[in-house]
Each structure stands twice: as C-alpha cells, then as structure tokens.
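Welcome! Take a moment to look over the structure shown below, and then let us walk through it together.

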Amino acid sequence: MKKGKHRVSFFIDLFTSCPTIVLMNNEKLLISSLKSDDPIVIKKFYEENKKGFVFFASRYQLDQEAITDIYQDAVIALIENAKKGSIDDLKSSLSTYLFGIGKFMIYKKLKKDKRTISIDDGEFPEVAFDMYEEEEINLQLALLRKGLKKLGEQCQKVLQLFYYEEKKLDEIQELLDYTNKDVLKSQKSRCLKQLKEIIKER
Amino acid sequence: MEQEEYIRKYFEGDLSEEEALAFQKLLKEDTAVAAAFEFEKNVKKAITLNKRKALKETFKAYEKPKKSYKWLYAAASIAVLVGLFTWNSFYSTNYDSLYNQYYQTYPNTIAPTVRGTGTTDLKSEAFFAYDTGDYETALSLFTKIYKSTSEDYALFYKGISLMELEQYEDALAVFNNGVFEENSIFKSYSRWYAALSYLKLENKAAATAVLESLTKSENPQREAAIKLLARLE
C-alpha cells in the first residue's frame, strides 16, 4: 500500500514540478548569462525588472534618483553573487531575489537617513552580500584600484577569478588551462608582487 | 601551515574552525603576515569596487535618454512641407485668387426690379430673385423662361446663376452649348464667363484657349482677356 502511494505521489510531484522545472531552466540560463557578462542579457534583465521595482519602492518615500540608484546597486549585487556561484541553487525566482536585495538596500538607506522604517524584516534575501562602504579612507585601496588597471591581462584574469569570483585554485587551473596548480600559484604570487611594485611608484 | 596557505584557504573559504583560530593568532603575532593579509583583502576590495563601478557606469548609460533624431526628422519634414507649400503658392497659378479678381456677377440689365407694380410675371420674378441673391430660385425661373421663350437673356442669366451657385460644370454646359444670338452682348460675355469657369475648374488649357479667342475679336472683355491671359502665363 505504502509503495503504491509513493509511486503515485512521485509522479504527481514530477508532473506538478514540470512547469517549475522549465522555469528553473530559464532562470539557470539567465544566471549563466549574467555570470558571463552577456551585455544583451544584462540589459534586458535590467529593463524588465525596473518598472516593477520602482513601483515597489515608491511606497518608501524616496525620490526617483535614489530609487534608480538603489535599483542599480541591487542588480550589481545580484550579478556579483551570480559570479560567485552563490545563487546557483536559488530557490526563488531571480526577480524575487533581486527585489529582496533592493528591499534590504532601501532599509539600510532609510536607517542611514534616520527615517522611520516599516519594512518587514523577515523578507530579506537568502544570500547575503558585502556592501563595502566606499567612504573608507584606505590609501592602499585607492592605489590598488588604479594600479589594477595597469596589470597585464593574464594577471587580471587570475586575480579576478580568485578574489572577485571567489573560485578555488583548482577550478582556476582548469578554467585557464594551467599545467598544474603550482604553476598557477607562482603566477598569482608574481601578479601580486607586480601589483605591489606598481602602487609603490607614486 | 605556511602563512600563504592560511591566506589562500581563507579566500577559498576552506578554513576549518581550528585553522581559523590558528590563523587569527598568527595575524596577531606576526605583523608581516598581517600586512600581507591586509594587502590581499584590499586587492579583493579593489577588484570588486572597480567591477561595481564599471557596471554602474553601464547602467547609468541605460538611463540616459538616447539621442533621438526623431524631432530633427519631424522638423525637417515640416520645413520641407512648408517650403513646398510656399513655393507652390508663389510659383503656381492661383486659380481661385485670379477668379475672384476677374469675376463679377453680371448685372441685371434686362428688367430693373421695381417692386409693387403689381406685375408678377415670370421675368420680373426671375430677376427679382437674381437681384436679391436668391440664385436657386433665379436658376429655376430662368430655366423655365428659356424653355418656353428661348430668349438668350434667360440662358445667359441661368449660366450666371449657376456660377453663383458654384456649379461651374453646368455653367460651362450652358455657355458652351447654348445658342446665343450672333453679335449679341451675351455671346461675347458667355465666352468670358466660360473662360472664368474653366479658370475656377483649374483647366488652364481651356481657359487660355477661350481667352485667346476673345483677344482676337472686338468685344467688351477683350482688354480683360488680355490681362488675364498675361496672368495665366
């Protein structure tokens, strides 16, 4: 009896999850496009979700410029997390996730502006993200931002994959087709040394 | 574990709890390691902030209203149209204005309207209607009169009435096909009004032809025909 029930419920689950699977596949495709910096996909995603977000954000008494600003930051955060692989197993839709990030950012902004907030705390995104405070007075950071642009392409690639996309060396070795991990390690080490030299020259 | 390994594992997210604690201790005790670690953290921040800025610039570009040439094309089209219209007005024959300059309702020279004399014959009625601008009535009355009397004045005034009623084609039919007495004043005037009807109908060729024939014979409208012809050229 139990077996039979399981079999039936299995098929029911499979059947009802079919449209969800299709949706998920589209979302997966979208995520991989975002990971690869596809400009057309990014633009489309940006434009498709903007209206809804602006409408959603309008209840919080922020001017259009601020809303657009937050929206852009939210999309950026989403792309970043996509690249880090943090949303590969996202349960909700990308749009929901995006709105979650935006909501969080609105909350932070209102808090910063010391405004009274009436946001339901429970609905923040599953995946967190780093909001670096750019106002940090960090000379080395400023120099590095400039200096990075002077690095060679290969170095930029390696460092980006390791530090920005948070990939492990094993993965990077495969991606960039290095003979072995040690070769990659020494390359990365050389790149960092180069960077140090670049920022020393003031 | 070497310091480099600790740092690498940190960024790869592979530090176990024990390793993390050991790493923290190391950072406190060894300033060189702390500096190296700080450096790499800054590298991470720098790359991230640069990437974010680049994306932000891209998004700002989306928001910028695109340079639209729509208005330019619209304005240009209007300019062209206005130009054409103006050119057209100046250089092409303005039939209407010419017509208005040269057309005059032919006066009642037959039966000066005298009211209250008691006579209510068709002729007086027709001319009364004509003089008071009731060209509809005048038209029907003149038509009646011509049917019964075949007098050419009735035909002529019928034609003029038709012109007043802006039925230029019918007026032309009257003036062209109607039989007017040779050397009667109505004959030459019927040619004149025919020419004017052609003019109003913008039939330059026909109007010119009729006007030319008018210039070649003696008639009260010869001068006018010459002038109008000149304007038409």
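**A guided walk through two chains**

Read from the N terminus, the elements of chain B run α-α-α-α-α-α-α-α-α-α-α-α. In total, that is 12 helices and zero strands for chain B. Please keep in mind along the way that this is a predicted model. Chain B has 233 residues, and buried residues make up 39% of them. If you look at the contacts in chain B with a separation of 6 or more, residues 24 or more positions apart account for 52% of them.

Let us step inside. The largest nonpolar core has 50 residues, and those touching the most other members are B:F142, B:F156, B:F175, B:W192, B:Y193 and B:L196. The elements of chain B that give two or more residues to this core are α5 (95-102), α6 (122-131), α7 (135-149), α8 (152-164), α9 (168-177), α10 (185-200), α11 (204-215) and α12 (222-232). Which of them gives the largest share of this core? That is α10(B), with nine residues. For a closer look, pick out B:F175. Leaving aside neighbours within four places in sequence, B:F175 is in contact with B:F156, B:G159, B:I160, B:M163, B:F180, B:S190, B:R191, B:Y193 and B:A194. Apart from this core lies another, of 35 residues, and among them are A:Y60, A:V75, A:Y97 and B:F59.

Now turn to the place where the chains touch. The contact takes 39 residues from chain A and 26 residues from chain B. How can one express the size of such a contact? The size of an interface is often given as the accessible area lost when the parts come together. Between chain A and chain B, the buried area is about 3400 Å², and carbon and sulfur atoms give 62% of it. There are also 17 residue pairs in polar contact between chain A and chain B, counting pairs with both residues at pLDDT 80 or more. On the side of chain A that touches chain B, the elements giving two or more residues are α2 (39-57), α3, α5 (139-148), α6 and α8 (181-200) of chain A. Of these, α3(A) gives the most, with eight residues. Sorted by class, this side of chain A has 19 nonpolar, five polar and 15 charged residues.

Charged residues bring us to the salt bridges. Over all chains the count comes to 22 salt bridges, and the count between chain A and chain B is six. One salt bridge brings together the side chains of A:D73 and B:K56, at 3.0 Å from N to O. Here A:D73 lies in helix α3 (residues 64-84) of chain A and B:K56 in helix α3 (residues 31-63) of chain B, so the pair joins two chains. Are these two residues buried or exposed? A:D73 is partly exposed, with a relative accessible area of 27%, whereas B:K56 counts as buried at 11% relative accessibility. B:K56 also meets A:D69 in a salt bridge, with 2.5 Å from N to O.

Another salt bridge is formed by A:K168 and B:D14, whose closest N and O atoms are 3.1 Å apart. This pair crosses between chains, from the loop between α6 (153-164) and α7 (169-175) of chain A, where A:K168 sits, to the loop between α1 (3-12) and α2 (17-29) of chain B, where B:D14 sits. A:K168 is partly exposed, with a relative accessible area of 32%, and B:D14 is partly exposed with 30%.

Within chain B, B:E19 forms a salt bridge with B:K9, and their closest N and O atoms are 3.0 Å apart. Since B:E19 lies in helix α2 of chain B and B:K9 in helix α1, the pair ties together parts that are 10 residues apart in sequence. Both B:E19 and B:K9 are buried. Salt bridges can also link up into a network, as they do for A:E80, A:K84, A:E166, B:K44 and B:R52.

Our last stop is A:K181, in helix α8 of chain A. At 27% relative accessibility, A:K181 counts as partly exposed. Which residues does A:K181 touch, not counting residues up to four places away in sequence? They are A:L169, A:D170 and A:Q173. A:K181 and A:L169 are 12 residues apart along the chain, and their C-alpha atoms are separated by 7.0 Å.

Technical notes. Residues are numbered from 1 along each chain as its sequence is written. Chains are lettered from A and ligands numbered from 1 in the order in which they are written. This is a predicted model: local features need pLDDT of at least 70, side-chain atom pairs count only at pLDDT 80 or more; totals for chains, interfaces and linings use all residues. Side-chain values use heavy atoms; hydrogens and water are left out. A salt bridge is a side-chain nitrogen of Lys or Arg within 4 Å of a carboxyl oxygen of Asp or Glu. Helices (H or I, at least four residues) and strands (E, at least two) are DSSP runs, numbered from the N terminus. Buried means under 20% relative accessible area, exposed over 50%, partly exposed in between (1.4 Å probe, protein chains only). Contact means heavy atoms within 4.5 Å. Buried area is the accessible area (1.4 Å probe) that two parts lose on being put together, summed over both. A polar contact is a pair of N or O atoms within 3.5 Å; within protein, one must be able to donate a hydrogen and the other to accept it, and residues adjacent in sequence count only if both atoms are side-chain atoms. Ala, Val, Leu, Ile, Met, Phe, Trp, Tyr, Cys and Pro count as nonpolar, Asp, Glu, Lys and Arg as charged, and the others, Gly among them, as polar. A nonpolar core is a set of buried Ala, Val, Leu, Ile, Met, Phe, Trp, Tyr and Cys residues joined through side-chain atoms within 4.5 Å.
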